[in-house]
Amino acid sequence: MQKNTFKRKTLPSLAMAGPVSLWMILFVTLPMLYIIYISFMSRGVFGDVVYKFSLESYETLLDSTYFKVILKSIKAAFVTTVLCILIGYPFAYYIAKKPKEVASKLIMLIMIPFWTNSLMRLNSWLLLFQTSGPVNNFLLSTGFIDTPMSFVYTDGLVMVGMITNMLPFAVLPMYSSIEKLSRSLLEASADLGASGRTTFFNITLPLTFPGIFSSIILVFIPSLGIYTVTDMLGGGKVLYIGNIIKNQFGSIRNWPLGAALSVLLIVITGLLIYIYTRFAKIEDMEVL
Amino acid sequence: MKKLISMLLISVLIMGLFTGCGSSTDSAKGGNAEPSTELNIYMWQQYISDDLIVEFEKDNNAKVNLSYMSDNADAITKLTAGGGQEYDLIMTCDAYMESLVEGGYVEKINFENIPNAKNINESYWTAKEYCVPYLMNYIYIVYNKDTSPVEIKSYNDLINPALKGQIASIDGARNLFPIALVALGYDPNSINENEIAEAYEWLVKYNDNVVAYGNAEQNLTNGTASVAFTYDGNASWAMSELGDKNNLVIADFEKDPVQLGFDLYVVPKGARHVDLAEKFLNYITDPEVMAANLVEYPYSCPNDAAVEAASDDYKNDPARDFAYKENVFFQKDVGNVITIYNDYYQKLKVGE
């Protein structure tokens, strides 16, 4: 009897969930535990990790410098998220209202740029907008401007880079959410005399909220940690928390501090997901 | 049957997880009897001619595996984490040599097997028993004589507010702080916190004038910047890119010294193909070989015989034509004070 239950119940679920769980334990849980462990160690003269318990890294985090960076990063991630949602929602709505074949082609169009490495895409932004680049040349030749505009290494271009990098993560969950929305509900609303606007705000928007929420999570969390965009388009003058972490593991070589900063980032992420679960059931989160 | 298949699939998946972990142990250990046929080098990308590597492989019937670092710190990480298991030669720079030797992370090199090493100028050769210098970099100021609003003759000219948003600069605490310290009249490798704090204040003004860190040569040629604090190799690239229209000139420093740094090869502790590593070091210090390398990578070179043998283009490169070549300083190990530098560097980049 025992053996039978094992065969009928345990074995299949083990077969299905086993590999994934193993994968997650090996490549997500263990590294994360290692990061937490390292964050309590100290830095050697060489920039190596000395395995001696210390709270030094966390004490360093209390320094106002890091507080400012975190605040700045959250602000930037917040603006990116808001803009991605504002741009992404109408876009997702537009795609969802198209017939299936057209919609799948439009989705493809969003994905195609992402077949190229993100550093390539960032570099092409630089080439396009640099002082002697095509955009400036065009504006000069058409007489809109007399002297080249400085687009590169500005906060504006950093934001453009962030948005283009993150937009698909905003569009896709919202698309699947809008697409699932039952037509009959909208028709019923119209039949009862609601205007398009009322229907949108009272029916469409609330029902697609899970999609919007997953978009927020999917955009906000990576934007918080991203460092390549600020590095390349910001000219390394602006540091966000991602850059600081990268520097700790790279040129500055203070792994415990880098790990402590990563832990902080993980805590912020965890908090966000907690807030999310307070608003919506986690099962509602739109996944593709 | 289905069960069998699923079990098989699982085992394949699980096996797959570990495939990356195995180490290649096929190489000859010790290598006294049989010459090594494999050489693993860790160095900067775009820094050695591919043709020369191919020739070396053919001459020695060996395979050279090049891996590339993205930061000097990467090489230090490899060296301090038992790099000999993976690599036979690692590139690092003069500033780290003292600590690397002290920490016992590098092997002594047997120069009897590297007769060509005599071509290298001894005057700059630190930790002579443990490394072979490869190429060197002056870190100096070049500017566009047509567009720069300031004629630069010292580091202090760089904080002139007229240069706001005009400077393309290299990055890194240990590159930026020395020029500030020199500008203030201190030791470029100062370990005095008050001096470093003053240097920080100087760099805040400098930072205001910087348009971007990194990519100095592109930013000079495309007109984004009119001044660059960069390596002579990068300046050389920018000048040749502009060709006949070159309007870049090297700042005519009257008093301030410039930083000179070396990239050099070390043999990490426990390296497994030392015999082939020595052959490679002897090969790359050969004047003709290095001269050919300089055609592709026209950096400053400590190999006097190779410079002698180099092409006229190399010898007449305007990027190396400046009067104060002897007035240099070196980056030295500052020990634990590096954390003070890093803190101020971070503060500089975060902005108050």
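**Exercise 1. In which loop of chain B does B:Gly243 lie?**

Solution. Begin with the conventions: this is a predicted model, in which local features need pLDDT of at least 70, side-chain atom pairs count only at pLDDT 80 or more, and totals for chains, interfaces and linings use all residues. Residues are numbered from 1 along each chain as its sequence is written, while chains are lettered from A and ligands numbered from 1 in the order in which they are written.

Step 1. Helices (H or I, at least four residues) and strands (E, at least two) are DSSP runs, numbered from the N terminus. In these terms, B:Gly243 is found in the loop between α8 (232-242) and β8 (248-250) of chain B.

Step 2. A residue is buried if 20 or more other C-beta atoms lie within 10 Å of its own, exposed if 12 or fewer, and partly exposed in between, with C-beta atoms placed from the backbone. B:Gly243 has 7 other C-beta atoms within 10 Å, and therefore it is exposed.

Step 3. From C-alpha to C-alpha, B:Gly243 and B:Asn156 are 30 Å apart in space, and 87 residues separate them in sequence.

**Exercise 2. Describe the overall form of each chain.**

Solution. Step 1. Chain A contains 13 helices and two strands, whereas chain B contains 13 helices and 10 strands.

Step 2. The C-alpha atoms of chain A fill a box of roughly 85 × 75 × 35 Å along the principal axes, and the C-alpha trace of chain B spans about 75 × 55 × 40 Å along its own.

Step 3. The radius of gyration, taken over C-alpha atoms, is 24 Å for chain A, while a compact globule of 288 residues would have a value near 19 Å; the globule rule is 2.2 Å times the number of residues to the power 0.38.

Step 4. Of the 288 residues of chain A, 31% count as buried, and of the 352 residues of chain B, 43% do.

**Exercise 3. Which residues have the most contacts inside the largest nonpolar core?**

Solution. Step 1. A nonpolar core is a set of buried Ala, Val, Leu, Ile, Met, Phe, Trp, Tyr and Cys residues joined through C-beta atoms within 7 Å. The largest one has 140 residues, and those with the most contacts inside it are B:Val142, B:Ile167, B:Ala180, B:Ala228, B:Leu264, B:Tyr265 and B:Ala277.

Step 2. Helix α7 (residues 155-180) of chain A supplies the largest share of this core, 13 residues.

Step 3. Both domain 1 (7-135 + 262-311) and domain 2 (137-260 + 320-350) of chain B give residues to this core, so it lies between them; these bounds come from an automatic or database domain assignment.

Step 4. Leaving out residues up to four places away in sequence, B:Tyr265 touches B:Leu89, B:Met91, B:Cys131, B:Val132, B:Tyr134 and B:Leu281, where a contact requires C-beta atoms, placed from the backbone, within 7 Å.

**Exercise 4. How many residues does each chain bring to the contact between chain A and chain B?**

Solution. Step 1. Chain B brings 28 residues and chain A brings 29 residues.

Step 2. On the side of chain B that touches chain A, the elements that give two or more residues are α1 (2-18), α3 (72-80), β6 (210-213) and α13 (338-350).

Step 3. The residues on this side of chain B divide into 11 nonpolar, 13 polar and four charged, where Ala, Val, Leu, Ile, Met, Phe, Trp, Tyr, Cys and Pro count as nonpolar, Asp, Glu, Lys and Arg as charged, and the others, Gly among them, as polar.

Terms used:
Contact = placed C-beta atoms within 7 Å.
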